[in-house]
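This report describes one protein chain, going from its overall fold to single residues and pairs of side chains. Please keep the sequence and the model in view while reading.

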Amino acid sequence: MTSCAHVSAVSYLGERLIEVVFEDGLIRKLDFHSNWQGNLECLNRDNFLAQVGVDKIAKTLCWPNGVDLDPEVLYGSHEPAVGGDFFTVVSETKPIRT
């Protein structure tokens, strides 16, 4: 059985860096480029990018206007459908505390 990636926490680190913590303990620091287009063009603005949160239902990154990103792509399991506008700076796994 394959499990889906689920985001448990997110932090905007400044300078277009976002730290994403997944439920399985994987932590990824993602550097977001500023060349988003179409419905995602709002992510080109640093002040908007900084408003990132976690969608409690979809368990992925989301923003106040309803934009969200595929958690499997953020995790690194799949390639984005229309090119990547972010890349991984750091990826590490920390033990999950129970």
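Contact here means heavy atoms within 4.5 Å.

## Basis of the report

This is a predicted model, in which local features need pLDDT of at least 70 and side-chain atom pairs count only at pLDDT 80 or more, while totals for chains, interfaces and linings use all residues. Residues are numbered from 1 along each chain as its sequence is written, and side-chain values use heavy atoms, with hydrogens and water left out.

## Overall fold

The chain has 2 helices and 6 strands, arranged along the sequence as β-β-β-α-β-β-α-β. Helices (H or I, at least four residues) and strands (E, at least two) are DSSP runs, numbered from the N terminus.

Of the 98 residues, 36% count as buried; buried means under 20% relative accessible area, exposed over 50%, and partly exposed in between, with a 1.4 Å probe and protein chains only. The accessible surface of the chain comes to about 6,100 Å², and carbon and sulfur atoms account for 50% of it. Accessible areas come from the Shrake-Rupley method with a 1.4 Å probe, and for residues only the protein chains shown count as cover. Among contacts between residues at least 6 apart in sequence, 51% join residues at least 24 apart.

## Val20 and its surroundings

Val20 belongs to strand β2 and is buried, with a relative accessible area of 0%. Beyond its neighbours within four places in sequence, Val20 is in contact with Val7, Ala9, Val10, Leu26, Ile27, Arg28, Leu30 and Leu61. The C-alpha atom of Val20 is separated by 10.0 Å from that of Gly53, a residue 33 places away along the chain.

## Arg28

Arg28, one of the residues in contact with Val20, sits in strand β3 (residues 26–32). Arg28 counts as buried because its relative accessibility is 11%.

Which backbone atoms does the side chain of Arg28 reach? The backbone oxygen of Leu74 lies at 2.5 Å from this side chain, and the backbone oxygen of Tyr75 at 2.9 Å. Both belong to the class of polar contacts (a pair of N or O atoms within 3.5 Å; within protein, one must be able to donate a hydrogen and the other to accept it, and residues adjacent in sequence count only if both atoms are side-chain atoms).

## Aromatic pairs

There are 2 aromatic pairs in the structure. The rings of Phe22 and Tyr75 have centres 4.9 Å apart and planes at 85°, so this pair is edge-to-face. It links distant parts of the chain: Phe22 is in strand β2 (residues 17–22) and Tyr75 in helix α2 (residues 71–75), 53 residues apart. Phe22 is buried at 1% relative accessibility, whereas Tyr75 is partly exposed at 26%.

Phe32 and Trp36 form a stacked pair, with 5.6 Å from centre to centre and 25° between the planes. Phe32 and Trp36 are both buried. Rings of Phe, Tyr and Trp (its six-membered ring) pair if their centres lie within 6.5 Å; planes under 30 degrees apart count as stacked, over 60 as edge-to-face and the rest as tilted.

## Salt bridges

The whole structure contains 3 salt bridges, each a side-chain nitrogen of Lys or Arg within 4 Å of a carboxyl oxygen of Asp or Glu. Arg16 pairs with Asp46, the closest N and O atoms being 2.4 Å apart. This pair joins the loop between β1 and β2, where Arg16 lies, to helix α1 (residues 46–49), which holds Asp46, 30 residues apart. Arg16 is buried, with a relative accessible area of 11%, while Asp46 is partly exposed at 41%. Phi of Arg16 is near 70°, a positive value in a residue other than glycine.

Glu19 and Lys29 meet in a salt bridge at 3.8 Å, N to O. Glu19 is in strand β2 and Lys29 in strand β3, 10 residues apart. Lys29 is partly exposed, with a relative accessible area of 25%. Glu23 forms a salt bridge with Lys59, with the closest N and O atoms 3.4 Å apart. Glu23 lies in the loop between β2 and β3 and Lys59 in the loop between β4 and β5, so the pair ties together parts that are 36 residues apart in sequence. Glu23 is partly exposed at 38% relative accessibility, and Lys59 is partly exposed at 28%. Lys59 also has a positive phi, near 55°, in a residue other than glycine.
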